[in-house]
Amino acid sequence: MHARAVAATTTALLGAAALLLPASGALAHEVVEQPRVIAHRGASAYAPENTLAAVDRAERMGIDWVENDVQRTEDGQLVVIHDDSLRRTTDAEEVFPERAPWKVKDFTAAEIARLDAGSWFGPAYAGARVPTLEQYVRRVEHNHQKLLLEIKNPGLYPGIERQTLKLLGNEGWLDRRHLTGRLVVQSFSADSIRTVHDLKPGVTTGFLGTPPVAELPGYATFTDQINPSYASVSRGYVAAAQALTGPHDRRLEVFTWTVDDASTALRAAGYGVDGVITNRPAVVRGALRGW
């Protein structure tokens, strides 16, 4: 399926959007839905990022969507961690002092399972572990939450797209119920997202970044979302992306990141974004209540 708008039309929309759209980010006669609130790495301002504790904290706060990062161990297991090094969010440097620079890809899953991934955040979380992707999706399922899954550093892990999809399928996350509103797979790598789309066209995908407006129609052939940093987005850019139809015959969505204060959340909502990715979901949800 190809984009239904050409670059010239999209570029024109960018220039016109500021004139057409009021502060709410939509035409005056339109009904605007409140942007979805996505807990970045779980509720990571309140619990150690990318841990099951962060997933559970988001659930207790009533946050439906959680975001995570997926990488691969030396022995081929998928684990949930943001950095390509274990150093910042675990005690790997103490447990394995001779293993610098403590890259995820250089450790087995069993070795990573020994690490404390919570004490760096606070004593209440001492002993929290780096979860496997299997453990993570099972917890999200148990909590009846939705998942924005980021394939991290795919260039380091050839074939990680196919492996991730296989695990999701094994865990029941590729059935109609999940594919029609509970799962998005995203990456900063356009090639990685294109691969996910080619392997499993039914999966909703997102590209992390801010491609030039003229290039957006090309992205709309394989991705359903354009997910830029807040610093790089504007009302006109959001309108330009949303004017395009993606591979599932729906308009492109825009999730922006990382928004952690009320005033920025309101500005993002005014741009018309579909989702706000945040470390502080309680703050953002409170700001957007009644939007």
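Before anything else: the model is predicted. Keep that in mind throughout.

Let's start with helix α2. It runs over residues 52-60. Which of its residues are buried? They are Leu52, Ala54, Val55, Asp56 and Ala58. So what covers them? The cover includes strand β1, strand β2 at 65-72, and helix α5.

Stay on Ala58 for a moment. Ala58 sits in α2. It is buried, and its relative accessible area is 0%. Look at what surrounds it. Leaving out residues up to four places away in sequence, Ala58 touches Ala39, Ala43, Ile63, Val66 and Gln145. There is also a close pairing in the backbone to look at. The C-alpha atoms of Ala58 and Gly42 are separated by 6.2 Å, and these two residues are 16 apart along the chain.

Now step off the end of the helix. Just after α2 comes Gly62, with a positive phi of about 80 degrees.

Next, helix pairs. Two packed helices are described by the angle between their axes and the distance between the axes. We have two pairs to go through, and α5 is in both.

Pair one is α2 with α5. The angle is about 15 degrees, and the axes are 10 Å apart. Angles under 35 degrees count as roughly parallel, and α2 and α5 are therefore roughly parallel to each other. The crossing of α2 past α5 is right-handed. Who makes the contact? On the α2 side, Leu52, Val55 and Asp56; on the α5 side, Gln135, Tyr136, Arg139 and Val140. By class, that contact has 4 nonpolar, 1 polar and 2 charged residues. Notice Leu52, Val55 and Asp56 again: these were listed among the buried residues of α2.

Pair two is α5 with α6. Helix α5 covers residues 133-142 and helix α6 covers 160-170. Their axes come within 10 Å and cross at roughly 45 degrees. That makes α5 oblique to α6. Here too the crossing is right-handed. From α5, the residues are Leu133, Glu134 and Val137. They meet Thr164, Leu167 and Leu168 of α6.

On to the core. In soluble globular proteins, nonpolar side chains tend to be buried together. How many residues does the largest nonpolar core have here? It has 72. Leu86 and Leu147 have the most contacts inside it.

Take Leu147. Set aside its neighbours within four places in sequence. Its contacts are then Trp65, Val66, Asn68, Tyr136, Val137, Val140, Trp173, Arg182, Leu183 and Val184.

Now the loops. Helix α3 is 92-95, helix α4 is 109-113, and Pro101 lies in the loop between them. The peptide bond joining Ala100 and Pro101 is cis, with omega about 5 degrees. Trp102 lies in that loop between α3 and α4 as well. Trp102 is not a glycine, yet its phi is positive, about 60 degrees. Is Trp102 buried or exposed? Its relative accessible area is 7%, so it is buried.

Thr258 is in the loop between β8 at 255-256 and α11 at 262-271.

Asn50 is another residue other than glycine with a positive phi, near 60 degrees. Its place is the loop between β1, residues 36-39, and α2. At a relative accessible area of 2%, Asn50 is buried.

Last stop: Thr89. It is found in the loop between β3, residues 78-80, and α3. Thr89 counts as buried, at 6% relative accessibility. What does it touch? Not counting residues up to four places away in sequence, the list is Glu49, Ile81, Asp116, Ala117 and Trp120.

To close, go back to α5. It packs roughly parallel to α2 and oblique to α6.

Definitions and conventions
Residues are numbered from 1 along each chain as its sequence is written. This is a predicted model: local features need pLDDT of at least 70, side-chain atom pairs count only at pLDDT 80 or more; totals for chains, interfaces and linings use all residues. Side-chain values use heavy atoms; hydrogens and water are left out. Helices (H or I, at least four residues) and strands (E, at least two) are DSSP runs, numbered from the N terminus. Buried means under 20% relative accessible area, exposed over 50%, partly exposed in between (1.4 Å probe, protein chains only). A nonpolar core is a set of buried Ala, Val, Leu, Ile, Met, Phe, Trp, Tyr and Cys residues joined through side-chain atoms within 4.5 Å. Contact means heavy atoms within 4.5 Å. Axes are lines fitted to C-alpha atoms, for helices over the stretch in contact, and angles run from 0 to 180 degrees between N-to-C directions. Angles under 35 degrees count as roughly parallel, over 145 as roughly antiparallel, 65 to 115 as roughly perpendicular and the rest as oblique. A crossing is left-handed if the near helix is turned anticlockwise from the far one by less than a right angle, and right-handed if clockwise. Ala, Val, Leu, Ile, Met, Phe, Trp, Tyr, Cys and Pro count as nonpolar, Asp, Glu, Lys and Arg as charged, and the others, Gly among them, as polar.
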